[in-house]
Amino acid sequence: MILVNGIRKRFGAAVALDGMTFEVRPGQVTGFVGPNGAGKSTTMRVILGLDRPDAGQALVEGKPYRELADPMRHLGSLLDAGALQPSRTARNHLLWLAHSQGLGARRVDEVLEQTGLGGVARRRAGGFSLGMRQRLGIAAALLGDPPALMLDEPFNGMDPEGIIWMRGFLRSLAGQGRAVLVSSHLMGELQGTADHVIVVGRGRVIADASVAELLNSASSGRITVRTESPEAPGILAAAGATAAPTGDGGLSITGLPAERIAEVLHRHGVTFSELAAHRATLEDAYLELTRDAVEFRAEGPR
Amino acid sequence: MSVDMAELSKVTVTSRPAPGTTMGRALRAEWTKLRTSPGTLGLLLAVVAGTTGLSATVAAACSGGTCGADVALTGVQLGQAVVAILAVLAIGNEYSTGMFTVTLTAMPRRLPVLVGKAVVVAAMVAAAAAVAVAGSVVAGEILLPAYHATFRPAAGSVLYLVLIALLSLGIATAVRSPAAAIGTVLTVLYAVPIIVSVVTDPVWHDRFEKYSPVSAGLAVQATGPDPLIGPWKGLGVLALWTLAALLAGAILLKRRDA
């Protein structure tokens, strides 16, 4: 769908993209995450042919975006929801975009309804809240009914209701078989939305994995058990695990999966009141990955 | 992740190409854009009102018969400022709001975008200028005893205004900031002729008069004898300046990051 291959881009002395490489697949929401300045927006601009890369290439359905005859029918995008002339109505903004793709006013009305903007279609877009502008931007991205969508920080400025709507919307787009690439600098926004995550820092990919894989790798397999039994550490050590007291009456265990721990304790007749695997949040996984990639870090007081 | 194949094929089937060429679509999109920009109608009306109003005022002030017939089209010198603003905003507004990235995302081939804008701006300005010049001619016929409408100065004035619009569009495309573009264009329209008029060396004065865009272009209005440059030739000089500005804009537009 979208293929980014070895893109390099400098702005003066600053390296924005340093061999950015990844692929966005159909039928899933791919999160594109990294700290500010990691190169997410620049990558999207290169994909859209707005910025020319110094090296490497980006392909949409096998072609550079610039060579697509009606590009919005292949890749719908939203980079900056504020990028519109405030004095034009929402409907007229979509109308010129539709005309640029050989589409008509009927399609405009369809996407207005789809994004819940039907009632404000004839109002000036300049009076819209950021959340409404995001919806208008999504409507524009959907105009060409494209098999791939690319959205830069679509959750920005949305109220909780809008965020829930956006999540459901992104899920349904992926459910229809479309490739959806969504950038965010907050990993938490993508939990429950993204199937796959591309983590970037300093202009390159740090991790490219499914959400499940990422969570597993960050969870480090630590499990806590709460038990009254003094034999428990010995029994677990004999089974190959390392057990250390947590200080509040529990044991922190590594080296065995939760099912095996339960089985071993059960076999030895040890009763326990709690057995919990420590699941990392997507945020934990992300912070661990990007620790070295954050460009500007606040230093502690000296 | 399983993919619903029925839905997937639906997505691909509907994305077959729509009719129309890249250029045709760019023209249509730019037309819709300029038409739905609320400022456009007001500026077009201002072209007519400014041009006709100034022409009529000057003609009325001259009704004693002391002026030559060429004052009948004086209003063009006001109308040109409005025309320039309209043309600058046609692209400058997009640069200043960031919407130009949306335009280039919709139409990644950049030259058709500029050509589309040029055609649409030229057509709108030509229509407004024709009305404005016609109004000036009528005012001249009524108010100026010495004036008789002739084709060349009137038609030439319409073309002059169209060329000024395209010159402004080219400059705005090159410099991007609407404020900088309007400043540059107003300098060309009003400051350069003033500077030319104070050049004392006669050889250089004549050269500037013949080859600077405004004084050369306005030669098309001349009704007196013995002009420095022929009327159509003068308009041709302006056309070359306009072409240069559009080319500079086009080259920069194509080469730099949006």
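Modeller: Two strands count as a pair if DSSP finds at least two bridges between them. In this predicted model, strand E5 of chain A is joined by 4 bridges to strand E6 (residues 148-152) of chain A, and the two run parallel. Within that pairing, A:Leu75 has A:Ala148 in E6(A) as its bridge partner.

Biologist: What holds strands together in a sheet, and in which order do the strands of chain A lie?

Modeller: Strands of a sheet pair through backbone hydrogen bonds, and the pairing may be parallel or antiparallel. Here 6 strands of chain A form an open sheet with mixed pairing, in the order E5-E6-E7-E3-E8-E9. Strand E5 (75-78) and strand E9 (204-210) of chain A each have a single partner strand, so they stand at the edges with one side left without a neighbour in the sheet. On average, and ignoring direction, neighbouring strands of this sheet are turned by 15 degrees against each other.

Biologist: Which strands does helix H1 of chain A touch?

Modeller: Helix H1 (residues 40-47) packs on the sheet and touches E3, E6, E7 and E8 of chain A, while its direction makes about 145 degrees with that of E6(A). Helix H5 (residues 160-175) of chain A lies across E3, E6 and E7, running at about 150 degrees to E7(A).

Notes. Residues numbered from 1 in each chain as written. Chains lettered and ligands numbered in written order. Predicted model: local features only at pLDDT ≥ 70, side-chain atom pairs only at ≥ 80, totals over all residues. Axes fitted to C-alpha atoms, helices over the stretch in contact; angles between N-to-C directions. Contact = placed C-beta atoms within 7 Å.
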